[in-house]
Amino acid sequence: MLAEKSTDQSTASQAQANRMNFIKKTRSICPEDLRVLDAELWEIDGQVIMRKSCPDHGDFEDIYWSDYEEYVRAEKFRDHGTGLQKPLESKLGCPLDCGLCQNHKTHTILVIMEITQRCNLRCPICFASAGTQDASHDLSLEQIRSILEYTQENNYPLRVRATGNSGGEPTLRDDLPQIIQMEKDLGFDYILTMTNGIRLAEDLDYFKKLRDSDTWLYMQFDGVTSEPYMKTRGRDIWPLKQKVIENARKIGYNKIALIPTLAKGVNDHQVGDIIRYSADNSDVIKFLVFQPVSFSGRIDTSKLKEMRITNSDVMRLAEEQTGGELRKSDFFTLPMNQTMARMMTKGGQHQDFCIHPHCGLITVVDHSKGKLDPIPRYVKNEEFHAKMSKSLSLNKSRPAIMWDLVTSLIRYVSPKLWLKFLPILMMTKGRKSIKSVLTEWLPGQWLTIGIMHFMDPYNFDLERVENCALHFGVIDKDSKPRLIPFCSMNSIHRASIYSGNGEVKEASSVDTAKSYKQVT
């Protein structure tokens, strides 16, 4: 039941024979002209299905989550954000002129800047549709600074700590180390470089400069053989991926996150192999984040039905392909991080981690003994989360929160873990410590595994957009900075957003739709 027009009149009667359960109403967009539509989520035969109807283009259905029970489990950890104190007023209505606007409920966790549209690949799958060789469209240092400063202004009083340098291919900029230093000078302490890794495989001196800048590499990584890259990237770059890992080890660099884009029938059979490869190289690889393919940007949308994969599919594949060493139940939805962050700061809140519960999932595994040992199995997660959420909601004093934390650690966490991490939690004092806890204190052979499914015009859910915490920083037609939620950027604004001089122009749903010229 994927995104295809419902023209068969027998569909309604057939649906009655299926197990159906209404879940909720939301808002979405038409995949053809991008107008805002009413939409509904239904449980149908154990799957969560989005249904919507456009008066001009008919009915659409798409799989939202392939496992209803996992969808419900994720919903248990919903944690609403606090909203923005300095939003940009929406005049056209959400999500047609994002800003962030008054409807947005979550602060920025990560601001992503496409510092160049140049790229040394032309991938068949690319939500940015990148590939120009014209450097004149690169963001200037002044534009980058203005985006970073506006990000803090728009999110006040919370501080944004993370920034992502993206593209195109950001390593094509020789001044990337200078950009990273400017980000650090402005108070960003978790800085990502989102790269295909080609230059880092071929230019060791440049790699050393990035190592010395203290950036993290978020490296595109679609499999452990050549075949997936031929389909996703248009050429065999598997040897180059291995060379990056080899070079990282050679220069003493250990801040790599692997980012596989997963598509059914392309590389979904390698989920387990990718996990094992990451674990086997956990001396340099610390994060692995699967991204189910999004049908926006440069991709053949006629293949949506055969290629669609969702978060719950990835959990299932991880369990099947690791022989049960990793299970679906080992993954937990990302909003749990909000409670965890406040625990680490003894009730303080320096960042807003209230991502929508159906955007992403996370787990941690220990590989020190040669097999995958999921850390969540040593924690009674639901009880621990409920206890600390209640404690934090009561606005207790810091000593009272610390008492609840210590007693909960004893009650809900195996001694194997709390004896190791209690001293770390006791010493955590402020917002910069969150970064160190998330990225530096995990034992060397522990691997964090995430799943993040970005939306497209077919499964677009406005409620998720309003709770998005990953925001693109752009320059608008008036040369002013703006923040645009990740999925509305790629689903609505991107196709009409770049004018001839590389700056942003106002996006309208009609103009954006004209650029797609793709029907399902």
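Me: Why is aspartate 214 called partly exposed?

Reply: In this predicted model, aspartate 214 has a relative accessible area of 34%. Buried means under 20%, exposed over 50%, and partly exposed in between (1.4 Å probe, protein chains only), so aspartate 214 is partly exposed. Residues are numbered from 1 along each chain as its sequence is written, and side-chain values use heavy atoms, with hydrogens and water left out. Local features need pLDDT of at least 70 and side-chain atom pairs count only at pLDDT 80 or more, whereas totals for chains, interfaces and linings use all residues.

Me: What makes the backbone of aspartate 214 worth a remark, and where does the residue lie?

Reply: Its phi is near 70°, a positive value in a residue other than glycine. Aspartate 214 is placed in the loop between α6 (204-213) and β8. Helices (H or I, at least four residues) and strands (E, at least two) are DSSP runs, numbered from the N terminus.

Me: How do you know whether aspartate 45 is buried, exposed or partly exposed?

Reply: The relative accessible area of aspartate 45 is 45%, and the residue is therefore partly exposed. Aspartate 45 also has a positive phi, of about 55°, although it is not a glycine. It sits in the loop between β2 (36-44) and β3 (47-54).

Me: Why is valine 224 called buried?

Reply: Valine 224 has a relative accessible area of 17%, and is therefore buried. This valine belongs to the loop between β8 (216-220) and α7 (227-232).

Me: Which residues does valine 224 touch?

Reply: Leaving aside residues up to four places away in sequence, valine 224 touches Trp238, Gln270, Asp273, Ile274 and Tyr277; contact means heavy atoms within 4.5 Å. Valine 224 and tyrosine 277 are 53 residues apart in sequence, yet their C-alpha atoms are 7.7 Å apart in space.

Me: What makes a group of residues a nonpolar core, and how many residues has the largest one here?

Reply: Such a core is a set of buried Ala, Val, Leu, Ile, Met, Phe, Trp, Tyr and Cys residues joined through side-chain atoms within 4.5 Å. The largest has 78 residues, and Phe221, Ile275, Phe290 and Ile449 have the most contacts inside it. Helix α8 (residues 238-251) gives the most to this core, with six residues. Apart from this core lies another, of 38 residues, including Ala162 and Leu192.

Me: Which residues does isoleucine 275 touch?

Reply: Not counting residues up to four places away in sequence, isoleucine 275 touches Leu288, Phe290, Ala318, Thr322, Leu326, Leu372, Leu447 and Ile449.

Me: Why are α3 and α4 called roughly parallel?

Reply: The axes of α3 (residues 141-155) and α4 (residues 176-185) come within 11 Å and cross at roughly 30°. Angles under 35 degrees count as roughly parallel, over 145 as roughly antiparallel, 65 to 115 as roughly perpendicular and the rest as oblique, so α3 and α4 are roughly parallel. The contact is made by Leu141, Ile144, Arg145 and Leu148 of α3 and by Gln178, Ile179, Met182 and Glu183 of α4.

Me: Which peptide bonds are cis, and at what omega?

Reply: A cis bond joins cysteine 94 and proline 95, with omega about 10°, and another joins glycine 167 and glycine 168, with omega about 20°. Proline 95 lies in the loop between α2 (68-75) and β5 (110-114), while glycine 168 is in the loop between β6 (162-166) and α4.

Methods: Axes are lines fitted to C-alpha atoms, for helices over the stretch in contact, and angles run from 0 to 180 degrees between N-to-C directions.
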